[in-house]
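Here is a walk through one protein model, from its sheet to its salt bridges and a pair of packed helices. Have the structure open while you read.

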Amino acid sequence: MELRVLKYFLMAAREENITKAANLLHITQPTLSRQLMQLEEELGVKLFHRGKYHIVLTDEGMLLRRRAQEMIELEEKTKREFSKDEAQLAGEIAIGCGETRNMTFLSKKMAEFRRLHPLVHYDIYSATADDIKERMEKGILDIALLMEPVDIGKYEFVRMPQREHWGALVCADSPLADKETLSPDDLAGQPIIIAKRESVQNELANWFGDTYDKMEIAATYNLILNAANMVRNGVGAALCFQMDNRYGDLRFIPLRPRLETGAVLAWKKNQTFSETSSQFIQFIKNSF
């Protein structure tokens, strides 16, 4: 399976039209059709439903699209790591980040490191800890800023300095908005929006105790921006960290009893990193 052919496949999947894809790839339509059919024969599956004017991915095609995108990203990352000026430290450091105020600490360290090595640049991927760990295992990310609870048995890590405080994001006109803190009983019977990660839901279930069975879970989320939008439009109150974001017509109210979460900056044990990533990791270690 050649990367060149996977790039052809991704273009065809994006355009949903063989002729358009071939034009963008600067090859003939019969050549592209032949390459895609050979790819199907190699994999032993049908990748497209072919119509008269357009093509649509099959389930197997959608799976290959995800895998092909990951393979192309890894290829491009590898090329960038080896494209450097021997006289100066250069290249890309790929970092996965959860939503946490500890990103402020990390951003300052990134800026300090770049002042020492101005040819270094960063590729930031924002997602949940589970998504980030998956990309770490595939070699797409070098380092991860992970919110606990998270299994870090396979990683080296440093613990970040700031702990996150949980609360509820509510509309300013909500009956909950006048409260200084929110207890499990305050939230019972209220529609709530909670994080999608199972491990986080378990932490919240422990905080709610027996009240958890009475909770009305209206929606789940992975990043807070869309959760805030749902709060604003009446879906429910979002359980989340206290962030530095300003949401205008929304109010953050801390939980009572207090619920806190830590964060770690992690990287895979015994992995061979580029010189740039290795020096950045050592720079972070020295910061602690």
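Two strands count as paired here if DSSP finds at least two bridges between them. Keep in mind that this is a predicted model.

Strand 3 (residues 90-97) and strand 4 run parallel, and eight bridges join them. If you want a place to start, find Ala90, which stands opposite Leu119 in strand 4.

**Helices across the sheet**

**Salt bridges**

How many salt bridges are there, taking a side-chain nitrogen of Lys or Arg within 4 Å of a carboxyl oxygen of Asp or Glu? The count comes to 20. Three of them are set out below.

| Pair | N to O distance |
|---|---|
| Lys154 and Glu137 | 3.5 Å |
| Glu260 and Arg163 | 3.1 Å |
| Asp249 and Arg232 | 3.0 Å |

The pair of Lys154 and Glu137 is joined by a salt bridge. This pair links distant parts of the chain, with Lys154 in the loop between strand 5 and strand 6 and Glu137 in helix 6 (residues 129-137), 17 residues apart. Is Lys154 buried or exposed? At 53% relative accessibility, Lys154 counts as exposed, while Glu137, at 34%, counts as partly exposed.

Glu260 and Arg163 form the next one. Here the partners are 97 residues apart: Glu260 belongs to strand 12 (residues 260-261), and Arg163 to the loop between strand 6 and strand 7 (164-171). Glu260 is partly exposed at 30% relative accessibility, and Arg163 is partly exposed at 41%.

Then there's Asp249 with Arg232, whose side chains meet in a salt bridge. Asp249 is in the loop between strand 10 (237-241) and strand 11 (250-254), Arg232 is in helix 9 (residues 224-232), and 17 residues separate them. Asp249 has 38% relative accessibility and counts as partly exposed; Arg232 is partly exposed too, at 35%.

Some salt bridges share partners, and in this way Arg67, Glu70, Glu134 and Lys138 are joined into one network.

**Helix 1 against helix 2**

Finally, turn to helix 1 (residues 3-15) and helix 2 (residues 18-25). They pack at an angle of about 130°, and their axes are 8 Å apart. That makes helix 1 oblique to helix 2. The crossing of helix 1 past helix 2 is right-handed. Which residues make the contact? From helix 1 come Tyr8, Met11, Ala12, Arg14 and Glu15, and from helix 2 come Lys20, Ala21, Leu24 and Leu25.

Conventions:
Residues are numbered from 1 along each chain as its sequence is written. This is a predicted model: local features need pLDDT of at least 70, side-chain atom pairs count only at pLDDT 80 or more; totals for chains, interfaces and linings use all residues. Side-chain values use heavy atoms; hydrogens and water are left out. Helices (H or I, at least four residues) and strands (E, at least two) are DSSP runs, numbered from the N terminus. Buried means under 20% relative accessible area, exposed over 50%, partly exposed in between (1.4 Å probe, protein chains only). Axes are lines fitted to C-alpha atoms, for helices over the stretch in contact, and angles run from 0 to 180 degrees between N-to-C directions. Angles under 35 degrees count as roughly parallel, over 145 as roughly antiparallel, 65 to 115 as roughly perpendicular and the rest as oblique. A crossing is left-handed if the near helix is turned anticlockwise from the far one by less than a right angle, and right-handed if clockwise. Contact means heavy atoms within 4.5 Å.
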